[in-house]
Number of protein chains: 4
Amino acid sequence: MPLTPEQLAEIEDLRATPRPTLRAVSEGAEAHLYRAHEVLDHGFVRVIDYMGNDAAIVQAARVSYGAGTKKVNDDSGLIRYLMRHWHSTPFEMCELKLHVKLPIFVARQWIRHRTANVNEYSARYSIMDREFYIPQPEHLAAQSTVNNQGRGAVLAGAEAARVLEILKSDAARSYDHYEEMLSQDGQQGLARELARMNLPANIYTQWYWKVDLHNLFHFLRLRADAHAQYEIRVYAEAIARVVADWVPVAFAAFEDYRMGGATLSGKAVAVLKRRLAGEVVGQEDSGMSKGEWREFTEVWG
Amino acid sequence: MPLTPEQLAEIEDLRATPRPTLRAVSEGAEAHLYRAHEVLDHGFVRVIDYMGNDAAIVQAARVSYGAGTKKVNDDSGLIRYLMRHWHSTPFEMCELKLHVKLPIFVARQWIRHRTANVNEYSARYSIMDREFYIPQPEHLAAQSTVNNQGRGAVLAGAEAARVLEILKSDAARSYDHYEEMLSQDGQQGLARELARMNLPANIYTQWYWKVDLHNLFHFLRLRADAHAQYEIRVYAEAIARVVADWVPVAFAAFEDYRMGGATLSGKAVAVLKRRLAGEVVGQEDSGMSKGEWREFTEVWG
Amino acid sequence: MPLTPEQLAEIEDLRATPRPTLRAVSEGAEAHLYRAHEVLDHGFVRVIDYMGNDAAIVQAARVSYGAGTKKVNDDSGLIRYLMRHWHSTPFEMCELKLHVKLPIFVARQWIRHRTANVNEYSARYSIMDREFYIPQPEHLAAQSTVNNQGRGAVLAGAEAARVLEILKSDAARSYDHYEEMLSQDGQQGLARELARMNLPANIYTQWYWKVDLHNLFHFLRLRADAHAQYEIRVYAEAIARVVADWVPVAFAAFEDYRMGGATLSGKAVAVLKRRLAGEVVGQEDSGMSKGEWREFTEVWG
Amino acid sequence: MPLTPEQLAEIEDLRATPRPTLRAVSEGAEAHLYRAHEVLDHGFVRVIDYMGNDAAIVQAARVSYGAGTKKVNDDSGLIRYLMRHWHSTPFEMCELKLHVKLPIFVARQWIRHRTANVNEYSARYSIMDREFYIPQPEHLAAQSTVNNQGRGAVLAGAEAARVLEILKSDAARSYDHYEEMLSQDGQQGLARELARMNLPANIYTQWYWKVDLHNLFHFLRLRADAHAQYEIRVYAEAIARVVADWVPVAFAAFEDYRMGGATLSGKAVAVLKRRLAGEVVGQEDSGMSKGEWREFTEVWG
């Protein structure tokens, strides 16, 4: 269980005393505030703050469309229109601040999304906790034989057991040594900024992460995708559930246009048009490479 | 007066119904919400939303400093420490969303600050209002004789009157022609995206502008500075008053370390040290150019 | 003609003396360096510098794929793969620096692309030139009746003549007054930072604009699109021709996957699949709004 | 030695064939191209490409200052003026692309500088090399007793020996296990994206890192500073030597105004002025906290 009784008490305390505000409020987001959504074995996602709601997207868009707007008189229709036509600035007017606990190898993927604000727990300043990500047996998968950056079948029992044993014992030993090097008991004690180098990439870190809704959708599109690594995808999915409650109309548009949609190359458009006209088209006369054709037929048969 | 009775009624309406929230609240910011602070002759700055307060800066910083923090046990001391040591990420955890009405030539300076979110009224989509910035006589200044990008003495009465007459009549004529070209009365009517090209740079536009506190401080340092053009400085000053109420501790640190402080070159440090040791130092033996020396002596005599 | 004999001489001078370099070279980009591609009546686009070429994209991608890469052994195939799977970082490893002369109303659209470096001619510091964009008669279009932010039929002759007369005379008068206010002949002379406010949005400005290839593709996708305003689209098209010579493989992939492709919502995917299965589907049973359906049928019939 | 004979041969090959270019050239940067500057025990910094030179900064600035510039007729003077007055955009017109090999714990600090382009070797796609950072004994320091995020005295011999033994043996064991888990010899072989989680933070990774000169100066100011962790500071220092050769005038201005300079709070300015007037001022009547006073007196006595 990732949360201590003290942390749970702190969360309850933060949730105990609503205060009046004149700002835009999202009931859906309020229900999430401070609560820890557990992810993996020791991780979590917590909403610390949010700015805006579905109406705030429309309000910002109306400035740019001003009094001239007549056609799109329905908020949902306008939000769908903005999403469909890649008008990103109104979505940037909403902001979400999360507290996330996550393994370092996940954090290293996550941080590649640069348009966000991050404040991470400092292992230079503080001592890391003894918490490591150890996968569940059903997530211990073999290297994919078709995708160089994916995973394939679940490992068989004996091999899985050996892997788990390695991960657990190496993590434990690394942390024991970390403490031993830091100790000032009968010795000087190594600087924290040096001792941390011995810790493996499955140790948990924490950060505050703040991002606007447009960039958050971009993150979700890449990281909640089936091709994302499982260990970051579960974070993206947990955040997606929060966003669905926070800005339900925008999230529905995102699901339709981004997550559930498809992007076609010019060649793919041509093939589909020929097929719609009744023609049978194969890879050889598609103009696509074998790789492209395989990806195309995964969607279109 | 920049606000219509309808707009004032809308503001009162937005302020009439506080709602409960569990988020961090800033009483100082709540008092500003939606109210229009008048700037120049038709402009304004309105707070539309905010995220965080002084405590939120400390809370974010504590993640990075974690349990190890012992020394800086006072929030104000920590905020001052962060500001002094250029730790920008905790300040990025606060966000402000403004509705601003401003002349286009001011907007063109403002937009050079790229790390912000902007949603501007679209003159492609909508018709611009007939509102132009006409300076007060005391702000009609001559070109500076010492600073290529500054202004000098106030214009004498007759010249000022001629300038005002030009600005007013050109603005009026441009707008009359704008309307005439747009008109569909007995003609096709020019597209809005083309007609707008006839409007001068002192016409007012509007936008939503959202920015984090770190980047807002950077904006204020440059634009509330005495060397900034008057017409953008008054916007920066209006925003600074909002920020002082929103995050008073952070703003006080900003005033001390950024606005009220000074930056010294290595050469300037050396000169000050020699002076403190009792030496008399002039430009020739300072290693500084004449321009640098003039700027140095403006501060240090 | 936008270029003076002095400017042409300067360009020839810059092109006269090749120097040896060990950096990656693009012959296609070298042929463009410093030459002014004329755009609109007084504008231009000039390549000032570039970094990288097609091979540099592959080289950067190989770092991330390292020694493990076996499958994609062809540079063109790898670049197409990267484009298809939205791997943007290798494209960010190329950079283009342009000198652009453009009307201010175009500059205001352009600057909304924030991930770029800009250094603009300062009307605070310098005096603007007397050059204004006056559209060709065939580009003087009426407001679109179906698209609030578009243009429709070309204006009829008499109306077009009136519009041209207004644009020309207002521009001339504004500039005369600008000079008159600046003049120090028998008067103090208004500060440049103030006088500029009288100039209309069709006056030309200039800037240096530097952008990486990924963000440049994003700019081109939006601004070389048929829905972009004509006056910015011609700049995007001029830049696109440069890019096609600079990084021909990457540009071909961009054309296929972005410019020539299509994005489908989940609902559109479902409709196409039903159609491919032989079903006749109309708007009512598509789940799409009328607007979405109109846009869908524009592509798919 | 970090470089293999194959890598050295590749570098020599890349340096063997200069090609003509019309672009701005920096002789100082050309001398560095592709060569590996060794950093730490297995790391390096290599210049892969650059854009611009000192003259390019001036050229970009002249666009914004245009024909009006009279005062600053000397390139060096202009560059110093731009640096002194925080005019950042001309410096953004230069760009540097580096290939860096560095320990992961250093990479995690480095990546906090978000305004840069990064393409990192993918441990999801490829197998990491068996290379770990093991500090030299003279860099094995104890935790600082006065600075929570710094290091103090060098560890005594026996303790240092124990630490080195731990770091070496844990690294070796982790890598052995990494290979064992990946192996497909008689087992399925764990996916690379999972196996990497067992590797410690002192393993070396590689990336391409591209940044503009303004943001590079910001990086150097923070990371070449005496308070930066030694293991990132040596990278910053290696890069600083490259920059000094690439843009010598801009680098000299940076050294004077940023690295060798000082930033004073309003309170510090007041204290210095009182001291210059002959007054003796102590912490109690300075208005500064004890921490601020200690930092102040470190510079000013």
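Which residue in E8(A) is the bridge partner of A:Asn117? In this predicted model, the bridge partner of A:Asn117 in E8(A) is A:Lys210. The sections below take up this strand, the sheet, the helices, the domains and the chain contacts.

## Strand E8 of chain A

Strand E8 of chain A covers residues 204-212, and nine of its nine residues are buried. The burial applies to both faces of the strand. On one side stand A:Tyr204, A:Gln206, A:Tyr208, A:Lys210 and A:Asp212, all buried.

E8(A) pairs with two strands named here. With strand E4 of chain A (residues 95-103), the pairing is antiparallel and runs over nine bridges. In E8(A), A:Gln206 is the residue opposite A:Lys101. With strand E5 of chain A (residues 117-120), E8(A) also pairs in the antiparallel sense, over four bridges. The pair A:Asn117 and A:Lys210 belongs to this part of the description.

## The sheet of chain C

In chain C, five strands make up an open sheet with antiparallel pairing, in the order E2-E3-E4-E8-E5. Strand E2 (36-39) and strand E5 (117-120) of chain C are at the edges, and each has a single partner strand, so one side of each has no neighbour in the sheet. On average, and with direction ignored, neighbouring strands of this sheet are turned by 20° against each other.

Within the sheet, strand E3 (residues 43-51) and strand E4 (residues 95-103) of chain C are joined in the antiparallel sense over seven bridges. C:Val47 has C:Leu98 in E4(C) as its bridge partner. Helix H8 of chain C (residues 213-223) packs on the sheet and touches E4 and strand E8 (204-212) of chain C. The direction of H8 makes about 125° with that of E8(C).

Helix H11 of chain B (residues 266-276) has B:Ala268, B:Val271 and B:Leu272 as its buried residues. Seen down the axis of H11(B), these residues fall within an arc of 95°, so they line one face of the helix. The buried residues of H11(B) pack against strand E9 (262-264) and helix H12 (290-300) of chain B, and also against helix H11 (266-276) of chain D. After H11(B) comes B:Gly278, with a positive phi near 100°.

Helix H4 of chain C spans residues 75-84, and C:Leu78, C:Ile79, C:Arg80, C:Leu82 and C:Met83 in it are buried. C:Trp86 follows H4(C) and has a positive phi, near 55°.

## Domains of chain A

Chain A is divided into domain 1 (1-133 + 202-261), domain 2 (136-200) and domain 3 (264-301). The C-alpha centres of domain 1 and domain 2 of chain A are 29 Å apart.

Contact between these two domains involves 10 residues of domain 1 and 11 residues of domain 2 of chain A. On the domain 1 side, the contacting residues are six nonpolar, two polar and two charged.

## Contact of chain A with chain B

Chain A and chain B each bring 43 residues to their contact. On the chain A side, helix H1 (5-16), strand E1 (19-21), strand E3 (43-51), helix H3 (54-65), E4, E5 and E8 each supply at least two residues. By class, this side has 21 nonpolar, 11 polar and 11 charged residues.

Strand pairing also links the two chains: E1(A) and strand E1 of chain B (residues 19-21) pair in the antiparallel sense over three bridges. A:Thr21 has B:Arg19 in E1(B) as its bridge partner.

## Contact of chain A with chain C

Between chain A and chain C, 23 residues of chain A are in contact with 23 residues of chain C. The elements of chain A that give two or more residues to this side are helix H4 (75-84), helix H10 (248-259), strand E9 (262-264), helix H11 (266-276) and helix H12 (290-300). H11(A) provides the largest share, six residues. The chain A side has seven nonpolar, 10 polar and six charged residues.

E9(A) and strand E9 of chain C (residues 262-264) pair in the antiparallel sense over three bridges. Opposite A:Leu264 stands C:Ala262 in E9(C).

Key
Residues are numbered from 1 along each chain as its sequence is written. Chains are lettered from A and ligands numbered from 1 in the order in which they are written. This is a predicted model: local features need pLDDT of at least 70, side-chain atom pairs count only at pLDDT 80 or more; totals for chains, interfaces and linings use all residues. A residue is buried if 20 or more other C-beta atoms lie within 10 Å of its own, exposed if 12 or fewer, and partly exposed in between; C-beta atoms are placed from the backbone. Two strands pair if DSSP finds at least two bridges between them. Two residues are in contact if their C-beta atoms, placed from the backbone, lie within 7 Å. Ala, Val, Leu, Ile, Met, Phe, Trp, Tyr, Cys and Pro count as nonpolar, Asp, Glu, Lys and Arg as charged, and the others, Gly among them, as polar. The arc is that of the directions from the helix axis to the C-beta atoms. Axes are lines fitted to C-alpha atoms, for helices over the stretch in contact, and angles run from 0 to 180 degrees between N-to-C directions. Domain bounds come from an automatic or database domain assignment.
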